[in-house]
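Let me put the model up, and then I'll walk you through how the pieces pack.

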Amino acid sequence: MIRRAIALAWLRVRREKGRTILGVAGITAIGALLFDMLLLGNGLLVSFRERLDRSGFDVRVIASESAVIAGPPIERVTAKTAILRRAPSIAAVQRVRLGSADVEGVQAAHHVTVAGVDPDALVPWSMIDGTFPSVGGPPAAIVINRNMSRVFHLMVGSRLVLEGRCGAALHPLPLQAQVSGIAAFQNDATDALTAASSYAAVAALCGESDSDRADMLLIRSNAAAGGADAAAAAARAALPDLHVLTNEQIVERFSRIEFSYFRQLSSVLTAVTLFFGLLLVAVLLTVSVNQQLGEMAALRALGLSRGRVMAGVLCESALLIGIGGTAAIPIGGMLSIWLDHILRSLPGIPADARFFVFTARALAIHAALLVAGAVLAALYPMRLVAVLPIAETLRREVVS
Amino acid sequence: MVAARDISRVFEMPAGPVHALRRVSLAVDAAEYVSVVGPSGCGKSTLLHLLGGIDVPTTGSVMVDGVDVGSLPDNARSAVRLKRIGLVFQRFFLLPMLTAWENVELPLAESGVGRAERRRRTKDLLEYVGLAERADHRPAQLSGGEMQRVAIARALANRPALVLADEPTGELDQATGAQIVALFDRLNADGTALVVVTHDAAVASRAGRTIQMRDGSIVGESHRS
C-alpha cells in the first residue's frame, strides 16, 4: 500500500509543478535556516572543544572557579609544578603567567597580552616563524603573534621595549626584548596583540621577579597511563586546594553556564523555524485536499481504503519536506559559512573559533525534525480525507 | 448479484431528519440492465450509493454476492467496491494529474494486479472505449465524452460484475451522450450488470428494466418489450 501511495504522491508532486515549486522552495528556505540553527546550537561548543584539544594540553589547574585572569593566582607554583611532573599519568606540565604591557614608543591604546611560560616545557602555541629558545637573554626572547608583527612592524630579530601594566608594582622596569619567533596563539581574537616570553621575563615585566605564582597550570596527560581523567585525579590528589578541570569538564561547564543562553536562543529559533515549515506544508496540503475533495471521494468510492488515501497525503507531505529538506542542507551549509564569517569578524572573538560546525549529530537531528515535521504537517489534511463522507461529498460536488 | 432489502436512508439535518429513501427493495441480477428514473431529489443517487456500498442504509440491508456490505468494516467495504463494483460519475472525477492510461491503471494497481497484466488490461480497456490513441492525454486535454469513456474504462478495470452509473450523460451533449449509451449497451451485451441513474429518457429506454422513483420510494417499474 505504501509503495502505491508513494508512486501516486510522486506523480502528483512531479506534475503539479506550481504547488511543488512553492512548497519545496519554502521548505528549502526554512530548512536551510533550521539546519543553520542546528549547526549554531552546538557549533560553538564543538569548536571550543576542538580548540582546547588543539592546545596540546588536556587538563587545566586554576586557583579558583572564577575566570583565569579575574581569579587569584596559584602560589608556590614551582614546587607544585615539580610535584605534578612526578606523577606517572602526567606527561608534561606548563605554568602560565599572564600579564599585559604597552610597547614603548607606541600609543597606549595598543595593549599587549603577554604570557610567561617555561621555555623548556611544552608550549601552548604553534610556531610560524623563528624559534622560542629555552635559554637566553638579555634581551629576553619573545614570541609574538602576526597582529603584533603587523601593527608594530616587528619581525624575527627585531628589538622592542615592553612596559608592564600588571602586578603590584606601579612602574616596573621596562623589559628589553628581542623577537625570536612568530606564533599562532590558540585563543587569539582576530585583532588581538599577543606575545609570550619566559616565565621569569613576564614576572619581571610585572615587577614581581621575586614571586612564585602563576595564573594557570596546563597539563598534558600520559595516554598510556589513563589519559586526562587519571592525570586530573593525580593533580587533585596532589593539589587538593586547587581546581582541576579536564577539557571535557571545561566544555561541560561552558555548555551548562556560559553557553546555555546561546543554546536557548538557538532552540527557540529552531522551534519557530520548524513551526513555519509545518505551517507552510500543512496549508499547502490542506488547500490541495480541499480543492480535490471530489477526486478524493471518487477514489474512496472506487475502492481505495481510508488508510490508503491517508497514506497518500502523508507521502505527499514527506516528499515535499524531503525534497525541500535535502536541498536545504547545501544551501544551509553555504549560508552558515557566510554567517560564520560575519560572526568571527566581531571584535574579541578568537580567530579559530567557529559558530557553525557541521556534525553528524546536527544532520541526524535535521533529518529527524523533518520526518516529524512531515507527519505533523500531514495530520490535519489526513484527518480531512479520513473523515470525508464519500456519498455526501460526491453529491455536493455534483450540485456545486 | 445485488439485492437491496427494505432499505431506508435518513439524513440528520439541522432542520430535522430528511428521509431520502423509504423502505426500498430492489434486486439486480447478473448481466441485467436497470435504469432508475425520477425527479431531482427523489433518492435515485442515494439508492445508487447504497447499492455501491459507498453509503450504508439507516435500516435494511444491501447484499452484494450474498454479503451484507453495510455490516462490513470500512476496509472490507472498500475491497468490495474495488473488486466487485464499478462506479461512473456524472462529473467523471478523473485524477487531473494522471493520464488517461494512468487513471485506468489506478484501480488495477490498487487491487494488486501485476505490472504486465496491468499494461495488457489497460490497453484493452482503452481500446474497448475507443481511446487507445488518447492514452497519454490528461483529463484537461480530453473532451467531456472522452473523459467519461476513460471513467467507464476505469470502472471496468477490475472486471466488476456490476457497474453503477450516476447520470453518466448529465454533463454531455446529446451526440456524445449517445456514444456513452452505445458503450453501455456493448458493456451489458458483454455480460456486465448495469444500474444507471438518469434523467435522460433516451438513456433509460435502453435498459431492460426501468425503475421509477418519487419521494424516496419506488413507484413503478417497466420492462422493455
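Let's start with two helices of chain A: α2 (residues 17-54) and α11 (residues 360-386) pack at an angle of about 140°, their axes 9 Å apart. Helices here are DSSP runs of H or I, at least four residues, strands are runs of E, at least two, and both are numbered from the N terminus. Axes are lines fitted to C-alpha atoms, for helices over the stretch in contact, and angles run from 0 to 180 degrees between N-to-C directions. That makes α2(A) oblique to α11(A); under 35 degrees would be roughly parallel, over 145 roughly antiparallel, 65 to 115 roughly perpendicular, and oblique is the rest.

Who makes that contact? On α2(A) the residues include A:Leu34, A:Phe35 and A:Leu38, and on α11(A) they include A:Ile365, A:His366 and A:Leu369. Contact means C-beta atoms, placed from the backbone, within 7 Å. By class we get eight nonpolar, three polar and one charged. Nonpolar is Ala, Val, Leu, Ile, Met, Phe, Trp, Tyr, Cys and Pro, charged is Asp, Glu, Lys and Arg, and the others, Gly among them, are polar.

A quick word on the source: this is a predicted model, where local features need pLDDT of at least 70, side-chain atom pairs count only at pLDDT 80 or more, and totals for chains, interfaces and linings use all residues. Residues are numbered from 1 along each chain as its sequence is written, while chains are lettered from A and ligands numbered from 1 in the order in which they are written.

Zooming out, chain A splits into domain 1 (2-52 + 258-399) and domain 2 (64-241), with bounds from an automatic or database domain assignment. Their centres, over C-alpha atoms, are 51 Å apart. Eight residues of domain 1 of chain A contact six of domain 2 of chain A.

Now the two chains: 20 residues of chain A are in contact with 23 of chain B. On the chain A side, α12(A) gives the largest share, six residues. That side has nine nonpolar, three polar and eight charged residues.

Last stop, chain B. There's an open six-stranded sheet, order β6-β7-β8-β3-β9-β10, with mixed pairing; strands pair if DSSP finds at least two bridges between them. β6 (85-88) and β10 (217-223) of chain B sit at the edges with a single partner strand each, so one side of each has no neighbour in the sheet. β9 (residues 209-214) of chain B and β10(B) pair antiparallel over six bridges, and B:Arg214 has B:Ser217 as its bridge partner in β10(B).
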